[in-house]
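Welcome, and please load the model in your viewer. We will go from one selection to the next, with a note on what to look for at each stop.

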Amino acid sequence: NYTLMSLTNIRQIHAAYPEARLFFNVRHPADRVWSRCRPLIHDARLDLDSMSLEALGHFVFRPNDFAFGDYAAVLARWLSVFPREQVSGHHRCGPTD
């Protein structure tokens with residue numbers, strides 16, 4: 001996953017493809033977290049309408065999910081290896097479903 005990729009792996013990609021152009025397409029962080037939670041809740045066979053906020057928090061506040069949504073850190077890691085001219089992106093707002 002490119003969002004959690006180590007600097008070592010990013011450097012290996014750059015060494016193999018130094019002219020590569022990168023495109024980041026990111027969603028609103030809340031949309032991204034909700035998209036991740038829904039299948040987990042479904043797979044656990046839970047009823048969202050009857051869940052307490054505490055129970056819902058178990059699915060929402062997962063440490064790796066915050067790392068996935070830390071777009072500034074993800075972009076900074078890639079920009080520390082690839083030149084800015086080779087990196088572009090798009091931020092998609094609004095409902096995804």
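Let's settle one term before selecting anything: a residue is buried at under 20% relative accessible area, exposed at over 50% and partly exposed in between, using a 1.4 Å probe and protein chains only. This is a predicted model, in which local features need pLDDT of at least 70 and side-chain atom pairs count only at pLDDT 80 or more, while totals for chains, interfaces and linings use all residues. Residues are numbered from 1 along each chain as its sequence is written, and side-chain values use heavy atoms, with hydrogens and water left out.

**The whole chain**

Start with a cartoon view. Helices (H or I, at least four residues) and strands (E, at least two) are DSSP runs, numbered from the N terminus. There are five helices and two strands in the chain, and they follow the pattern α-β-α-α-α-α-β along the sequence. Of its 97 residues, 25% count as buried. A contact here means heavy atoms within 4.5 Å. Take the contacts between residues at least 6 apart in sequence: 76% of them join residues at least 24 apart.

Rings of Phe, Tyr and Trp (its six-membered ring) pair if their centres lie within 6.5 Å; planes under 30 degrees apart count as stacked, over 60 as edge-to-face and the rest as tilted. How many aromatic pairs does this rule give? The count is two. Phenylalanine 24 and tryptophan 78 form an edge-to-face pair, with 6.2 Å from centre to centre and 70 degrees between the planes. Phenylalanine 24 sits in strand β1 (residues 22-27) and tryptophan 78 in helix α5 (residues 71-79), so this pair ties together parts that are 54 residues apart in sequence.

Are these two residues buried or exposed? Tryptophan 78 counts as buried because its relative accessibility is 4%. Phenylalanine 24, at 10% relative accessibility, counts as buried too.

**Widen to the nonpolar core**

Next, select Met5, Ile10, Leu22, Phe24, Val74, Trp78, Val81, Phe82 and Val87. These nine residues make up the largest nonpolar core, a core being a set of buried Ala, Val, Leu, Ile, Met, Phe, Trp, Tyr and Cys residues joined through side-chain atoms within 4.5 Å. Both β1 and α5 supply at least two residues each to this core. In soluble globular proteins, nonpolar side chains tend to be buried together.

**Center on Val87**

Valine 87 is in strand β2 and is buried, with a relative accessible area of 5%. Leaving out residues up to four places away in sequence, valine 87 touches Leu22, Phe24, Leu75, Leu79 and Phe82.

Glutamine 86 is placed in the loop between α5 and β2 (87-92), and it counts as buried at 12% relative accessibility. What does the side chain of glutamine 86 reach? It comes to 3.0 Å from the backbone oxygen of proline 18, a polar contact (a pair of N or O atoms within 3.5 Å; within protein, one must be able to donate a hydrogen and the other to accept it, and residues adjacent in sequence count only if both atoms are side-chain atoms).

Arginine 84 is found in the loop between α5 and β2, and is exposed with a relative accessible area of 54%. A polar atom of the arginine 84 side chain lies 2.3 Å from the backbone oxygen of valine 87.

**Visit Leu7**

Leucine 7 lies in helix α1 (residues 7-16) and is partly exposed, with a relative accessible area of 30%. Leucine 7 touches Arg77, Ser80 and Val81, not counting residues up to four places away in sequence.

**Finish on helix α2**

Last, select residues 29-43, which form helix α2. Color Arg32, Val33, Cys37, Leu40 and Ile41, which are buried in α2. Seen down the axis, the buried residues of α2 fall within an arc of 160 degrees (taken from the directions from the helix axis to the C-beta atoms), so they line one face of the helix. After α2 comes arginine 45, whose phi is positive, near 55 degrees.

Notes
Expected span 1.5 Å × (residues − 1).
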